[in-house]
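Thank you all for coming.

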Amino acid sequence: MDAFFVAVELLRRPDLRGLPVVVGGTGSRGVVAAASYEARRFGVYSAMSSAQARRLCPNAVFLPGDLHLYADYSERVHEVFNSFSPEVEGVALDEAFIDVTGSVQLFGEASSIGVQIRDRVLSDTGLVCCVGVASNKFLAKLASRAAKPKIVDGQIVDGPGVFEVTDDYASTFLEPMSVRSLWGVGAATVEKLERFGVATVADLKQLERRVLTGALGQAAGSQLFDLARGIDPRPVVSSRDAKSIGHEETFAEDIIDLGELRTHLVRLSDAVAARVRRADVAARTVSLKIRYSDFSNLTRSFTPEAAVTTGQAIVSALDRLLPQCEIERGVRLAGVSVSNFVESQVQLTLDTVDSEPSDGDWMDAAEAIDEIRKRFGNKSIGPLSAMGHGRDLGESPWGPSH
Amino acid sequence: MKFRCERQALADALAIVVRASGSRTASSPVLAGVRIEVKGDSLSLACTDTDQIITCTIPVQGINNGVSVPRARLFNDIVRSLADGAVEVEVVGEDVVVSGGRSNFNVPTYMAQDFQVLPPAAAPDTSTNAEEFADALRQVARTVKNQDDHPYRGVQISHDADGVRLAATDNFRMALRKLPHSKILAVGEKVLVPGRALTELERMLPLSKDLVIRWADPTITFITGTASLTTRTINGSLPDPKMFLDAQYPNTLTVNRELILEALRRGKIVLPSSIGLKLHLSESGVRMEAADRDLGRTEEDLEAEYTGADLSITFNVDYLMAGIEVVETESVRIAMKDSRSPAAVWAADNEDYSYFIMPIRA
């Protein structure tokens, strides 16, 4: 979004349109949160002290800001994003990455989706946004910057609004840029790069990977090497994937035996897995929560190779975590939860033709168990290892207390 | 080097070769060039990215013999933009000067001696019907694994007791096409040709009635009209299609091709992220079902004929559509065994083209 806070303010104060407007702390120690392009012509930028902004642009209208209002608009803007793709990663109130890979069939190619999003944001909220289109987050971010209006010689020059950096164009686009434009390049890195005579991305591309990792460290050097070539493997992580399914149970008496604890975990896992299957998903992450008798908590997660849909798969993930539980401290509560859902579908491959089902494949059994429970009730069937230890199968069967 | 010709003739020839040019950022920048050579009254053009080369020869009014390598896409854009009529191309110093109508352009060039030409395969000509080969490519080439360095990134041309056949797979499905009358390759031979090159070839075909093929590993050359494409072959071979061809498919769905494609397109609306589309098949009716956690669901009864046992089977909707779209008859047969075994897609009345698709376990 362009000068998001200011743009929202202008919606309720249209009389300020065309004037230099600054949103931020107005007190003596205040800081600029956002500035209109008219104010930026005078050199006012966000994060500058309000006092300095006043000196640069004494005629600017200073507004204290209204975070609740901005959050409202942010939600409406995100609603537009979500209507184009479920894969939306919010970065700030006014900024998000949207993976439209799956939306192309529905809405047309990415650049066209960019234009549609911009039109919809304008018609639904009255706000102007800029869209950068590219095949990864790094390039998309830089493309969105190129889409924005610019200040050239003190004049506001409109930007294209939607700017696409195709993979073919990426090197032409990147090479003339200052290395400061690259993610993770701050003052210290710039100084180190200057020693190699590097000012632009084109200069940077002359350096070999080992030179960069030598100067900046393995991770940072390697990342910079890739970024200079427009490579960024980070996926868009959508917030909808944060949901989880879980059960936890407080025990009548603290548990001090690992075997007994595991029995409860098997039962909890079985119930969680049944809900996962009912939701027709598979879960990537399995979490274990332990509350000791002194009310201190232990939470640990494990991500098995394959997404889980069965109690057996959840338990085998928990078995990786269980050694971290200090059972002798007494466990008053245990919880099992799964998260990071994916579709529970497996595309079969040519290699599976004529092959036997793999060991430990409980999917078919789980489906049969679901069928049996549907017909004969929850207590009709269950894992043997969840029975015993004094707990009556009939009273607390498969859905544990909440 | 200097020649004169009709703008349209030069533009057409450039359109054929230019897509083979490499990218400007490649380690060898000359690959972004198009090599143009005048010999008498003939102009040959060539673009290459070291793995493949496309050449084309056209008659021109040659004035001076010589070679030059201007930047391919730029040269192509300029020629396309000129007014119709005569165009003259001449080397002046280190530039190529292109003049047509009232316009003239100076285009910088690369060093011609840096341009490495992949020589055509040194083998005797074999030839096949170009139109039929183009049809076969259209049916098969889209199933190639679209990933550099993957062993399945090519179309396999083979000749065995059953005749000549094209095959492609991405490990999720396999497309096969017989060329019943073709005599290319010798019986027992097979060659794996990069899908990328064949997509270019498909675009070029047919420039003549016959397509000439010369194969001598590590390269294969295709010649149609005055254009030729030479590409490196891929070391290796695809899985044997016997496992599909010999399997039993006791349950058969017969349905109008357009009708099922339209239904699948509707189902696809709610399937952008999750790809599985379900078919519920029974002799009393056929139902399609598509659902996504976020985008809702759709159900639709299909007007179709089904013989066999009751069956629910899930497919990647894109894979299923891709297989059906290239069937050439009005109705299409989809034959299955069970929800875990491959299904076959055939035309109504022949099995020249067959498409085998692995279901999704849902």
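How many helices and strands does chain B have? Chain B has seven helices and 27 strands, where helices (H or I, at least four residues) and strands (E, at least two) are DSSP runs numbered from the N terminus.

Before going further, please keep in mind that this is a predicted model, in which local features need pLDDT of at least 70 and side-chain atom pairs count only at pLDDT 80 or more, while totals for chains, interfaces and linings use all residues. Residues are numbered from 1 along each chain as its sequence is written, chains are lettered from A and ligands numbered from 1 in the order in which they are written, and side-chain values use heavy atoms, with hydrogens and water left out.

Staying with chain B, 53% of its 362 residues are buried, and by buried I mean under 20% relative accessible area, with exposed being over 50% and partly exposed in between (1.4 Å probe, protein chains only). If we take the contacts in chain B (heavy atoms within 4.5 Å) between residues at least 6 apart in sequence, 68% of them join residues at least 24 apart.

Let me turn to chain A and to helix α11, residues 209-216, whose buried residues are A:L212, A:T213 and A:L216. These residues lie on the same side of α11(A), because they cover an arc of only 95° around the axis, the arc being that of the directions from the helix axis to the C-beta atoms. They pack against α9 (187-195), α10 (201-205) and α12 (218-228) of chain A, whereas the face turned away from the buried side carries the exposed residues A:R210 and A:G214. After α11(A) comes A:G217, with a positive phi near 95°.

Now the cysteines. Over all chains the structure holds zero disulfides, a disulfide being a pair of cysteine sulfur atoms within 2.5 Å. A:C130, for one, is in no disulfide, and the nearest cysteine sulfur, that of A:C129, is 6.8 Å away. A:C130 is buried, with a relative accessible area of 12%, and A:C325 is also buried, at 7%.

Finally, the interface: the contact takes 27 residues from chain B and 24 residues from chain A. About 2400 Å² is buried between the two chains, with carbon and sulfur atoms giving 54% of that area; buried area here is the accessible area (1.4 Å probe) that two parts lose on being put together, summed over both.
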